[in-house]
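We will walk through the chain stop by stop.

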Amino acid sequence: MTGNAPNQRPVISLGLSPVLLAVELAGAIAILVSILPIVQFWAVLPDRIPIHFGLGGQPDALGDIALSAYF
């Protein structure tokens with residue numbers, strides 16, 4: 001920092017430690033792995049998705065909006 005201007009603030013550049021880099025990389029991989037099944041099975045998803053299941057495990061309510069309306 002040069003000068004004593006009141007509106008200047010120090011700039012601190014912190015590098016990524018190996019642990020922080022590993023955590024960031026693991027998080028990015030986890031996000032990609034969680035998106036993969038969506039992309040893989042997108043074509044076999046039904047037009048209407050069940051939004052509620054009864055006690056017997058059977059769907060008793062379907063979403064009103066089809067997936068094709070979004071894409």
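Trace the cartoon along the sequence and you will read the pattern α-β-β, with the secondary structure coming to one helix and two strands. Helices (H or I, at least four residues) and strands (E, at least two) are DSSP runs, numbered from the N terminus. This is a predicted model, in which local features need pLDDT of at least 70, side-chain atom pairs count only at pLDDT 80 or more, and totals for chains, interfaces and linings use all residues. Residues are numbered from 1 along each chain as its sequence is written, and side-chain values use heavy atoms, with hydrogens and water left out.

Now color by pLDDT, the predictor's confidence in each residue, from 0 to 100. The mean for the protein is 82, and 82% of its residues reach 70 or more. Confidence is highest in helix 1, at 94, and lowest in strand 2, at a mean of 85.

Next, select L20, which sits in helix 1 (residues 18-41). L20 is partly exposed, with a relative accessible area of 37%; buried means under 20%, exposed over 50%, and partly exposed in between (1.4 Å probe, protein chains only). Across the protein, buried residues make up 1% of the 71 residues.

Then move to the strands. Strand 1 (residues 50-53) and strand 2 (residues 59-62) run antiparallel and are joined by three bridges; two strands pair if DSSP finds at least two bridges between them. Which residue in strand 2 is the bridge partner of P50? Select L62 to see that partner, then pick H52 together with A61, its bridge partner in strand 2.

Finish at the hairpin, which has five residues between the strands: there G57 takes a positive phi near 90°.
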